[in-house]
Amino acid sequence: MKPFVEFLRREQATYMTDGYPISWIDHAHAELLVRHIHASNLFEQDLEWDFVCMDSDVAAQQIKLLNNVVYAIRSEGGSLEFKEKLRRQKDLVEQRNGLITKFLGTHFLNHRRILVLRVDLGWNTPAEGTWDALEGSVSYAEVREAREALIAYLRKRFPKTLVGYALRLEYGLDKGFHYHLLVLLKGSKHRRDELLAREIGEYWKEVITAQRGHYYNCHVNKESYRQRGLLGIGMIHRRDPLGRKNLERTACYLRKHDPFIKAHMPQGDLTFWRSEMPEKNIVRRGRPPKKRPALSKPGKKPNITLRPRPSSKAKTNSRHKPRPVHRDRIMRLASDPLA
């Protein structure tokens, strides 16, 4: 409980010094919690958390103060207005996920195979594990410049094979600003996804952040994702429903709700960027793809109907048709069976 209250105390100081209002917090539950704690002047109270050793009257007073805050939070959290606010936030998340699904589906209409790269990019913190580790680690201006340099590098490194990209900025309590990157490349031109993801991470670490950053290559644990049926990176085929579903889940993770990011950035700035939506109904050259059955899921037999093989007796040679019997021959056989 004490570390959490210390975090809230630090966040309140950030809002007051930077001029961000409490209502800027982008998650309804987090905004509700911080607002009621701020209204009860809980930060200004000299609270002790060892209730066993303190005086009984002081303990009863502090417990009453905390219970009042909890009661106020529960009362507003159960109101119809708050539930309507939660519904609007849920509808917004579903709308964003629908756009991601449309974005990926349109790309698969134009490409039979797509190589998906997934990399997490961040900055080194001065002192890991402390509550003040993020103070002065990296400024928002550096975060913006790093994003622009990263997108420029992707377009220069893959000028003709870059299908698309998606980039999400988040703010973690223990690691500050960091990016989640998803890159889509033409599967007919690229193969080695782990090496390409490492190349992007090394460029981020050595060039963009000047050795002040770090990265995590998600392709190192591909086998564990495959065993659990959650592999959505690497080579994804158009006819692979499980791979495409996992890819959509991976892409929707980039649009998950972050309750703290908007409190640490200027008003109106975005937290998600992607390449342009591809055009529909693009005319593809060459032979049209054959209609083949979809790839089966692990542990299930493919839905393919096999025709029974005809027996050797039933086979007939189309070039040697049976000779037709003449009508006069039939009449003679009918009148004289011995003929």
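Colleague: What share of the contacts in the protein chain with a separation of 6 or more is accounted for by residues 24 or more positions apart?

Modeller: Such residues account for 72% of those contacts in the protein chain, a contact being heavy atoms within 4.5 Å. This is a predicted model, in which local features need pLDDT of at least 70 and side-chain atom pairs count only at pLDDT 80 or more, whereas totals for chains, interfaces and linings use all residues. Residues are numbered from 1 along each chain as its sequence is written, and side-chain values use heavy atoms, with hydrogens and water left out.

Colleague: How many helices and strands does the protein chain have, and what percentage of its residues is buried?

Modeller: The protein chain has nine helices and six strands, taken as DSSP runs (H or I, at least four residues, for helices; E, at least two, for strands) and numbered from the N terminus. Of its 339 residues, 37% are buried (under 20% relative accessible area; exposed is over 50%, partly exposed in between, with a 1.4 Å probe and protein chains only).

Colleague: Why is α4 called oblique to α8?

Modeller: The axes of helix α4 (residues 80-110) and helix α8 (residues 241-253) come within 10 Å and cross at roughly 135 degrees. That angle makes α4 oblique to α8, as under 35 degrees is roughly parallel, over 145 roughly antiparallel, 65 to 115 roughly perpendicular and the rest oblique. On the α4 side, the contact is made by Asn97, Ile100, Thr101, Leu104, Gly105 and Phe108, and on the α8 side by Arg244, Leu247, Glu248, Ala251 and Cys252.

Colleague: And what makes α2 oblique to α3?

Modeller: Helix α2 (residues 28-39) packs against helix α3 (residues 56-77) at an angle of about 140 degrees, with the axes 10 Å apart, and that angle makes α2 oblique to α3. In this packing, Leu32, Leu33, Arg35, His36 and Ile37 of α2 meet Val69, Ala72, Ile73, Glu76 and Gly77 of α3.

Colleague: How many aromatic pairs does the structure hold, and why is the pair of Tyr140 and Phe177 called tilted?

Modeller: The structure holds seven aromatic pairs (ring centres within 6.5 Å, using the six-membered ring of Trp; planes under 30 degrees apart are stacked, over 60 edge-to-face, the rest tilted). The ring centres of Tyr140 and Phe177 lie 6.0 Å apart and the planes stand at 55 degrees, so this pair is tilted. Tyr140 belongs to helix α5 (residues 140-157) and Phe177 to strand β3 (residues 176-186), so that distant parts of the chain, 37 residues apart, are linked. Tyr140, with a relative accessible area of 13%, is buried, and Phe177, with 6%, is buried.

Colleague: What makes the pair of Tyr153 and Tyr203 stacked?

Modeller: The ring centres of Tyr153 and Tyr203 are 3.9 Å apart and their planes are at 10 degrees, so the pair is stacked. Because Tyr153 lies in helix α5 and Tyr203 in helix α6 (residues 193-208), the pair ties together parts that are 50 residues apart in sequence. Tyr153 counts as buried at 11% relative accessibility, whereas Tyr203 has a relative accessible area of 28% and is partly exposed.

Colleague: Which residues form one aromatic cluster?

Modeller: Trp123, Tyr179, Trp204 and Trp273 do.

Colleague: Why is Leu230 described as partly exposed?

Modeller: Leu230 has a relative accessible area of 38%, and is therefore partly exposed. Leu230 lies in the loop between α7 (222-227) and β5 (234-237). Neighbours within four places in sequence aside, Leu230 is in contact with Tyr225, Asn246 and Arg249.

Methods. Axes are lines fitted to C-alpha atoms, for helices over the stretch in contact, and angles run from 0 to 180 degrees between N-to-C directions.
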